[in-house]
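Thanks for coming. Please have a look at it first.

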Amino acid sequence: MNQKVLIHEIHEYDPQKIQVIVEEAIIELDLIGQISDKNILMKPNCLFAVEPDLGIITNPKFIEGVIRAFSKYSNKIFITDSPGWGSFESVIKKAGIDLILEKYKVSIIPEKYYIDGNINGKILKSTRIIQGIEGMDFIVNLPKMKTHAMTEITGAVKNLFGLVHGKTKAKLHFRYNNPKNFYRMLLDIYEYIRPGLNIMDGIISLEGRGPGTSGKVKKTSKVLISKDAVLLDLYFAYMVSAEKSIQVMLDEYPEFQWFDEKDDIPVIQGFELPDKTLGLLTHIPVPEKISEWMREIGMPYPEVDQDKCKTCNRCVDNCPSEPCSINKDKNGKLIISNKTCIRCYCCEEICPHEAIKMKRNIFQKLFNWILGT
Ligand code: SF4
Ligand code: SF4
């Protein structure tokens with residue numbers, strides 16, 4: 001295999017240690033010519049404003065280490081992301097990333113302007129992309145190692161979805177509303193963006209029902225580095241026994257159908273995935289209508305925990321279904337419609353108070369019982 005994934009064992013967030021392994025990777029992967037004196041964009045995971053210790057966003061010290069490594073080759077370093085909630089500025093301020101950017105003179109590309117990106121992919125032809133990306137020579141993708149209630153895991157390919165402008169992300173969620181189509185759309189965006197390097201922050205990860213506050217912090221002590229985001233995600237999936245969930249990647253990239261080095265890939269013991277759901281069966285090629293039906297009866301549906309809900313309305317603003325699946329009853333309580341809900345779990349992802357819980361019907365309970373999950 002031409003491409004490779006470098007795997008490092010690092011136990012704490014030490015910018016100096018991160019800098020060393022990234023500098024080594026730059027040399028080993030022969031990147032100096034591509035980055036010297038070039039416009040370099042950092043793309044961390046900045047889902048929403050939250051303490052970095054919760055494992056939801058790329059850790060500030062991790063970002064610092066990477067910036068230090070690239071600063072040796074260029075002083076034209078930029079950063080951006082379009083968070084799921086709030087502004088990029090609010091996320092970096094809360095996490096203390098703003099001070100790091102100031103220290104290393106990293107410029108922020110504002111996420112509020114966009115261009116129409118000519119994606120020309122297999123299913124996504126064009127979409128709004130943050131303006132300014134087109135002027136970058138080299139993109140450094142900095143995903144977080146996390147689970148995802150809809151797609152099971154979220155890694156390097158999914159992290160690039162954050163370069164799609166604001167509410168357009170919700171529209172794409174609605175249009176590509178089963179896990180298989182959603183992944184295919186993500187791959188189209190990946191092919192368009194094509195980061196030069198992907199460096200996954202897996203030192204402190206998120207397991208269980210990620211990628212937001214419903215997930216659980218897990219110390220995994222890993223950093224994965226690769227020029228290829230798909231290959232990196234396949235390694236990540238193998239490490240946490242989630243290969244089935246990214247079957248679409250294996251289908252689309254036959255060159256990665258096998259792992260030569262599979263025996264050398266460390267397995268992360270006891271990494272808890274979200275519950276298996278019949279939604280994974282959407283990877284089986286069946287007519288769209290059957291796939292939708294499987295999603296409706298096979299995937300748990302969200303319900304608002306009225307005791308925890310603070311009616312902040314984040315979930316309402318983020319729900320991509322049309323019509324919106326989250327509405328107020330006559331007492332002002334939020335109620336979710338099982339009929340229109342597309343099971344994207346954006347509400348669960350974005351809720352700051354863990355106030356979205358899952359309801360399972362008899363089929364899902366039976367399915368989980370059969371799988372022993
Ligand atoms: S469920 Fe969560 S996000 Fe939605 S209104 Fe309540 S607290 Fe806010
Ligand atoms: S209610 Fe939640 S899971 Fe359902 S469509 Fe809206 S955001 Fe997605």
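Lys 289 and Ile 290 are exposed, on one side of helix H11. This is a predicted model, so please hear everything I say with that in mind. H11 covers residues 288-298, and its buried residues are Ser 291, Met 294 and Arg 295. Where do the buried residues of H11 fall, seen down its axis? They fall within an arc of 100°, so they line one face of the helix. As a general point, an α-helix has 3.6 residues a turn, so residues three or four places apart point the same way.

Now the whole chain. It is divided into domain 1, residues 5-264, and domain 2, residues 278-371. The C-alpha centres of domain 1 and domain 2 are 26 Å apart. The contact takes 22 residues from domain 1 and 23 residues from domain 2. On the side of domain 1 that touches domain 2, helices H7 (168-175), H8 (179-193) and H10 (247-252) supply at least two residues each. H7 has the largest share of that side, with four residues. Sorted by class, the side of domain 1 that touches domain 2 holds nine nonpolar, nine polar and four charged residues.

Next, the nonpolar core. The largest one has 97 residues, and Val 66, Val 140 and Phe 236 have the most contacts inside it. Which helix gives the most to this core? That is H9, residues 229-239, with nine residues. Domain 1 and domain 2 both give residues to the core, so it lies between them.

Let me stay with Val 140 for a moment. Leaving aside neighbours within four places in sequence, Val 140 is in contact with a list of residues that includes Ile 40, Leu 41, Met 42 and Lys 43. Val 66 and Phe 70 are also among its contacts, and so are Pro 195, Gly 196, Leu 197 and Ile 199.

Last, the two ligands. Around ligand 1 there are 13 residues, the closest being Cys 309, Cys 312, Cys 315, Cys 351 and Ala 355. The shell around ligand 1 has eight nonpolar, three polar and two charged residues.

Ligand 2 also has 13 residues around it, and those that come nearest are Cys 319, Ser 325, Cys 341, Cys 344 and Cys 347. By class, the shell around ligand 2 divides into 10 nonpolar, two polar and one charged.

That is the end of my part.

Notes
Residues numbered from 1 in each chain as written. Chains lettered and ligands numbered in written order. Predicted model: local features only at pLDDT ≥ 70, side-chain atom pairs only at ≥ 80, totals over all residues. Buried ≥ 20, exposed ≤ 12 C-beta atoms within 10 Å, placed from the backbone. Arc of directions from axis to C-beta. Near = placed C-beta within 6 Å. Nonpolar A, V, L, I, M, F, W, Y, C, P; charged D, E, K, R; others polar. Core = buried A, V, L, I, M, F, W, Y, C linked by C-beta atoms within 7 Å. Domains from an automatic or database assignment. Contact = placed C-beta atoms within 7 Å.
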